[in-house]
Amino acid sequence: MDTTALDDDLDPQSATPAPPAPAPDLSVLLISLLKGVLYREHDERQWSSLLQLQARVREYVAVLALELVLDEAEGYAFLRARPEPADDDPAPRLPRLVARRPLSYPVSLLLALLRKKLAEFDAGGGDTRLVLGRNDIVELVRVFLPEGPNEARLIDQIETHLNKVVELGFLARLKPASASATASASYEVRRILKAFVDAQWLADFDARLAGYRTALADGKGTRDE
């Protein structure tokens, strides 16, 4: 039996080498971060590139008065404006690349309640994803809002605040488990909320709630995002 052809097929030197993995692209990575939050679960390749290039990313965005916030444990990264210099600091004040947007008190209240819920969830251990139904979130908020004669209007107002939190990226609307029109919507509380509402802020939660009640009773008030 002639084994020449078989031996040629098995010769490791004759095999075509696998193409090298593409090098991480700093430009693509920076553009992604400038557009919004980068989540590990959404793009493993970009996340891997960020871990390799994070020193260069930090150096680049510093020129724009930005800093990289990277949480490897929670799996998210984003850019935020560096703290402004103190009043007695002679350093020049640069224009803000990331604009501040005012948040209404109901939206701010909802973020506080979701952050508290996330802290309680983490303390209990178990799953890493906190998922709440629409009705659960409505009940969280409604006890702090002024009562009115129109229940449907109150629910619509909470829905508006809920949509704003989704728009800000702190809640992710999940696909319904069934196609039923009566199925309640569900939302995942994004863990990036921990970066915006820190432990010290949460420690003052009761005092802040008192402020929310006063502001909501007056029917006015906003705070910066």
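Which residues is Arg 115 in contact with, leaving aside its neighbours within four places in sequence? I looked up contacts (heavy atoms within 4.5 Å) and found Leu 193, Lys 194, Val 197, Asp 198, Ala 199 and Leu 202.

Before going on, I noted that this is a predicted model, where local features need pLDDT of at least 70, side-chain atom pairs count only at pLDDT 80 or more, and totals for chains, interfaces and linings use all residues. Residues are numbered from 1 along each chain as its sequence is written, and side-chain values use heavy atoms, with hydrogens and water left out.

I placed Arg 115 in helix 4, residues 105-123. Helices (H or I, at least four residues) and strands (E, at least two) are DSSP runs, numbered from the N terminus.

I checked the charge of Arg 115 next. Arg 115 is buried (under 20% relative accessible area, 1.4 Å probe, protein chains only). I found no salt bridge for it (a side-chain nitrogen of Lys or Arg within 4 Å of a carboxyl oxygen of Asp or Glu). Asp 122, the nearest side chain of opposite charge, is 5.6 Å away.

Three bridges join strand 5 to strand 7, residues 186-189. I found Gly 133 opposite Ser 186 in strand 7.

Terms used: Buried means under 20% relative accessible area, exposed over 50%, partly exposed in between (1.4 Å probe, protein chains only). Lys and Arg count as positive and Asp and Glu as negative; His and the chain ends are not counted. Two strands pair if DSSP finds at least two bridges between them.
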